[in-house]
Amino acid sequence: MLTEQLKGVIVPVVTPFTEEGELDTGSFRRVVQTLMDQRAHGIVINGTTGECLTVRPEEVRLLMENALEARGERTFPILIGTGSNDTAEAVSLTKQAQALGADGALVVTPYYNRPSKQGVMEHYRRVADAGLPVVAYHIPHRTGLELTSGDIAAILGIEGVAGIKESTGGVRNFIELSGHTDKALLCGDDLYFFAALCCGASGAMMASANMYTGRFVEVYEQFSRGCWPEAREKFDKLVPLIGLLFAEPNPSPVKWMMKQTGLLLSDRVRLPMMPVSEGLERKLAELLTCNRQ
């Protein structure tokens, strides 16, 4: 059951492009292999960090094929982002993800059209009926739609929904949901990773964990062993990194860092995303230098 695998550090992986803006499958395989080597607990392809709105269906297929080849026989859940504000489109994308061999689908709440709570529930029911386990994605500052913990509990009660990625910029929903559901509660706000674990989260989906993945995994492992002060200490050391990676729109900062460390050949993003500013480059370079010492 996917719910049992949705724990620890799950990484919404970047989509690498060449300098000409084409898909770079070689860099992608290198990134996926590195994430597995550093003990990540799973990945999401075609999420927000993967620039899902500018990645074509054929490119998603190529990414999934390469991820499956890199995974081999290992137990390593691979999810694909299939969200849309058109329910029929979300259902179709989820069926395609299942056909590609995905273990689950990350499905954002419908954005822009601002449906009623009943509409959101029906949206998730129909997507879950496609047959692939669904992780709901609640991120109000991107969608313009905020759910209560009661709304989230109702979504988690839908058969076929395996968990939720919760990104409301706090821990209240973890506090109110923990102990009241057996579904996965995943933190989607990197800065709240440690706090969310303390409040009942089973893990996190974090863009920051594309870099120094093993350090994020160590936070989770220490916490899981009950070594909370040690986990907090390790997380505190990651806070400056998280701050800089979200100082400008994601994923430009993390792609820039990944290029500097050799994980990517290019930090190219697709418009309307833009490369990082020179000022942020300097700060990121300083952080890299400190981490090498």
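Trainee: In which helix does A70 lie?

Mentor: A70 lies in helix α3. Helices here are DSSP runs of H or I with at least four residues, strands are runs of E with at least two, and both are numbered from the N terminus. The model is a predicted one, in which local features need pLDDT of at least 70, side-chain atom pairs count only at pLDDT 80 or more, and totals for chains, interfaces and linings use all residues. Residues are numbered from 1 along each chain as its sequence is written, and side-chain values use heavy atoms, with hydrogens and water left out.

Trainee: Is A70 buried or exposed?

Mentor: A70 is buried, with a relative accessible area of 9%. Buried means under 20% relative accessible area, exposed means over 50%, and partly exposed lies in between, using a 1.4 Å probe and protein chains only.

Trainee: And what does A70 touch?

Mentor: Not counting residues up to four places away in sequence, A70 touches R29, V32, Q33 and M36. Contact means heavy atoms within 4.5 Å.

Trainee: How do α2 and α3 pack?

Mentor: Helix α2 (residues 25-37) and helix α3 (residues 57-71) pack at an angle of about 40 degrees, and their axes are 9 Å apart. That angle makes α2 oblique to α3. The contact is made by T25, F28, R29, V32, Q33 and M36 of α2, together with L63, N66, A67, E69, A70 and R71 of α3. Axes are lines fitted to C-alpha atoms, for helices over the stretch in contact, and angles run from 0 to 180 degrees between N-to-C directions. Angles under 35 degrees count as roughly parallel, over 145 as roughly antiparallel, 65 to 115 as roughly perpendicular, and the rest as oblique.

Trainee: Which hand does that crossing have, left or right?

Mentor: α2 passes α3 in a right-handed crossing. A crossing is right-handed if the near helix is turned clockwise from the far one by less than a right angle, and left-handed if anticlockwise.

Trainee: What about α12 and α13, how do their axes cross?

Mentor: The axes of helix α12 (residues 252-260) and helix α13 (residues 278-292) come within 11 Å and cross at roughly 50 degrees. This makes α12 oblique to α13, and the crossing is right-handed. On the α12 side, P253, W256, M257 and Q260 meet a set of α13 residues that includes L280, L284 and L288.

Trainee: Switching to strands, how many form the closed barrel?

Mentor: The closed barrel has 8 strands, running β1-β2-β3-β4-β5-β6-β7-β8 with parallel pairing. From one strand to the next, the twist averages 25 degrees. Two strands pair if DSSP finds at least two bridges between them.

Trainee: Which strands does β1 pair with?

Mentor: β1 pairs with strand β8 (residues 203-205) in the parallel sense over 3 bridges, and V9 stands opposite A204 in β8. Another 3 bridges join β1 to strand β2 (residues 42-45), also in parallel, with P12 opposite V44. In strand β1 (residues 8-12), 5 of the 5 residues are buried, so β1 is largely enclosed by the rest of the structure.

Trainee: Where do the β3 side chains point?

Mentor: In strand β3 (residues 78-81), I78 and I80 point one way and L79 and G81 the other way, and all are buried. In a regular strand the side chains alternate between the two faces of the sheet. β3 pairs with β2 in the parallel sense over 3 bridges, and L79 stands opposite V44.

Trainee: Which residues touch the most other members of the largest nonpolar core?

Mentor: They are V9, I45, F193, F216 and M257, in a core of 84 residues. Helix α11 (residues 228-245) gives the largest share of this core, 7 residues. A nonpolar core is a set of buried Ala, Val, Leu, Ile, Met, Phe, Trp, Tyr and Cys residues joined through side-chain atoms within 4.5 Å. A second, separate core of 14 residues includes L106, V108, V135 and Y137.

Trainee: Last one: where is P133 found?

Mentor: P133 is found in the loop between α5 (117-128) and β5 (134-138). P133 is partly exposed, with a relative accessible area of 24%. P133 and G160 are 27 residues apart in sequence and 5.2 Å apart in space, C-alpha to C-alpha. Leaving aside neighbours within four places in sequence, P133 is in contact with L2, D103, G104, A105, G160 and A162.
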